[in-house]
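Colleague: I have a structure open and a few things to ask about it. Can we go through them one at a time?

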Amino acid sequence: YFSPYVFRQGNLEGFGEISKQVREAIPRGSKVCELYAGVGLLGLSALLHHGKQQAAEEDGVQGLGWLRCSDENPENARCFERAVNSMSMHITGRTC
């Protein structure tokens, strides 16, 4: 997914823990705007986490209200779209 022009996290173990803490700190139903998102790893991680939680609990509370990820690097858009397209339509809310 990643082109040579996309920043890569140097400490994957540390980033995994940061990602876990971020996604768990976001309340269900939140509207999330991730600025300087790169390829959207934090936002997409939260989307996946809350989507799975919603499906498991079946309590009517939605995963995330919506997710927007923004970045200046034009190389990131393709990577972001590929990541979103690899996720379940049920979780992303895509219709096609």
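Colleague: In which helix do Glu-24 and Lys-20 lie, and how many residues apart are they?

Modeller: Both are in helix α1, which covers residues 12-25, and they sit four residues apart, about one turn of the helix. Bear in mind that this is a predicted model.

Colleague: What do the side chains of Glu-24 and Lys-20 do?

Modeller: They meet in a salt bridge, with 3.6 Å from N to O. A search of the whole structure finds one salt bridge.

Colleague: How exposed are the two partners, Glu-24 and Lys-20?

Modeller: Glu-24 has 47% relative accessibility, so it counts as partly exposed. Lys-20 is partly exposed too, at 34% relative accessible area.

Colleague: Let's back up. What is the order of the elements in the protein chain?

Modeller: From the N terminus on, the order is α-β-α-β-α-α. That makes four helices and two strands.

Colleague: Now α2. How far does α2 reach from its first C-alpha to its last?

Modeller: α2 has 17 residues and spans 24 Å, close to the 24 Å expected at 1.5 Å a residue.

Colleague: Which residues of α2 are buried?

Modeller: Gly-43, Leu-44, Ser-45, Ala-46, Leu-47, His-50 and Gly-51.

Colleague: And what do the buried residues of α2 pack against?

Modeller: They pack against α1, β1, β2 (66-69), α3 (75-85) and α4. For the protein chain as a whole, 29% of the 96 residues count as buried. Among contacts between residues at least 6 apart in sequence, 72% join residues at least 24 apart.

Colleague: Where is Tyr-36, and is Tyr-36 buried or exposed?

Modeller: Tyr-36 is in the loop between β1 (31-34) and α2 (41-57). It is exposed, with a relative accessible area of 71%.

Colleague: Which helix or strand has the lowest confidence in the protein chain, and which the highest?

Modeller: Helix α4 (residues 89-92) is lowest, with a mean of 84, and β1 is highest, at 94. The protein chain averages a pLDDT of 84, and 85% of the residues score at least 70. Where pLDDT is low, the predicted coordinates should not be read in detail.

How values were computed
Residues are numbered from 1 along each chain as its sequence is written. This is a predicted model: local features need pLDDT of at least 70, side-chain atom pairs count only at pLDDT 80 or more; totals for chains, interfaces and linings use all residues. Side-chain values use heavy atoms; hydrogens and water are left out. A salt bridge is a side-chain nitrogen of Lys or Arg within 4 Å of a carboxyl oxygen of Asp or Glu. Buried means under 20% relative accessible area, exposed over 50%, partly exposed in between (1.4 Å probe, protein chains only). Contact means heavy atoms within 4.5 Å. pLDDT is the predictor's confidence in each residue, from 0 to 100. The expected span of a helix is 1.5 Å times one less than its number of residues.
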